[in-house]
Amino acid sequence: MSEVQPSESVEQLREAAVSALNSADSSEHLESWRVEFLGRKGRLTALLRGLGSLEIEERKIVGAAANLLRADLDSFYEERERQAKSSNAVVGSLDVTLPGRKPAVGGLHPSTQMIREITQAFNEMGFQTIEGPEIELEKYNFDMLNIPAGHPARDQWDTIWVDSEKYDDVLLRTHTSPMQARVMENNTPPIRVVVPGKCYRYESTDSTHEWHFNQVEGLAVDTGITFADLKGTLYEFARRIFGQSRKVRFRCDYFPFVEPGVDMSIDWNGRWIEILGAGMVHPQVLENSGYDSSKYTGFAFGMGPERISMLRNEITDIRHFFSNDLRFLTQF
Ligand code: FA5
């Protein structure tokens, strides 16, 4: 075996080349690395040119080591170049090499979906949808509805009052019923409207009570409207929303603006669940709006779409509707 050792300079060149290649972090750096180490006037070429001055045995060994180094550097360079090309495809913060993902698409809020379903059921029965103010005058929220100041029925609705420079008695409406008075004031019979919208009550929340929630009000006024019309309309509504075979129950209830007043429940797995309040429009309310109560009669109702959606979709807590949690919202 020859005593001649492989040239140190091949090993030094390998070390220098590999370390420079590892720190080349851009295409420009890679190119200057290629020129420095593998180029025609580069360091490897210079080393090969120097072989001629070596003894024949040494030249063989150093030559073989230098050729091996060239092969290695070529393949290291190719690998780095391939990596650089694929990372060049990353444009700014957009990585176009990532696999495609379905874009998130928004949808209608579950309350809106329920409101639209309810109002559509009534639209198909000839009711028109209208909206009214959420900030309301005491006059419409209470007085016109037969609930004058000091009337104990005011305690039924815990009221959020609003400071106003222009008006004395302004509040966030506690129900959509003030629209009964507003609609009657501005229209002549026949009237058939449904009024969806937000209501506010100063009350603590629990699984079935929110301090803000939606209602859908209904009002029909004409000559000859009877309690049978109220029952027939609400029966048909319950069938459309809860299914054709749904059983319905009416019981007496008290609201100052209707006489007689009722609540309507539906049969839900053998239990009666109350879903709305209703009644024949009180003659005083008709008179307050300038109608002759000996000529006109009407019925009105008010329901909570969130409570109806809870029943239909087996939602156990009303607070989910307004907590803005996508895990809930995306289920609709
Ligand atoms: C009223 O608000 C009457 N204005 C309804 C009415 C209209 C009666 C026309 C007669 C004629 P009540 O306070 O019961 O009634 O509310 C009606 C519906 O609103 C309830 O059945 C319920 O579905 C919903 N609701 C009431 N309070 C809340 C609350 N805190 N959170 C969620 N929903 C509520």
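A pocket is defined, on a 1 Å grid over the protein atoms alone, as an open set of points where a 1.4 Å probe fits, with protein on both sides within 12 Å along at least five of seven lines, and its lining residues have an atom within 4 Å of a point. In this predicted model, local features require pLDDT of at least 70 and side-chain atom pairs pLDDT 80 or more, whereas totals for linings use all residues. Residues are numbered from 1 along each chain, and side-chain values use heavy atoms, without hydrogens and water.

The largest pocket holds about 740 Å³ of space, a volume being the space filled by probe spheres set on the points, which are joined across faces, edges and corners. Of its 33 lining residues, Arg201, Gln215, Glu274, Gly302 and Arg307 are the closest to the centre.

The space taken by the ligand is this largest pocket, a molecule being assigned to a pocket if more than half of its atoms lie within 2 Å of the grid points. Among the 24 residues around the ligand, His175, Ser177, Arg201, Glu203 and Glu210 come nearest. Polar contacts (pairs of N or O atoms within 3.5 Å) include one between a polar side-chain atom of Glu203 and a ligand nitrogen atom at 3.0 Å, while a backbone N or O atom of Glu210 lies 2.9 Å from a nitrogen atom of the ligand. A polar backbone atom of Gly304 is placed 3.1 Å from a ligand oxygen atom.

The second largest pocket has about 240 Å³ of space, and its lining includes Ala104, His109, Gln113 and Phe332.

Conventions: Near = heavy atom within 4 Å. Polar contact = N/O pair within 3.5 Å; in protein donor to acceptor, adjacent residues only side chain to side chain.
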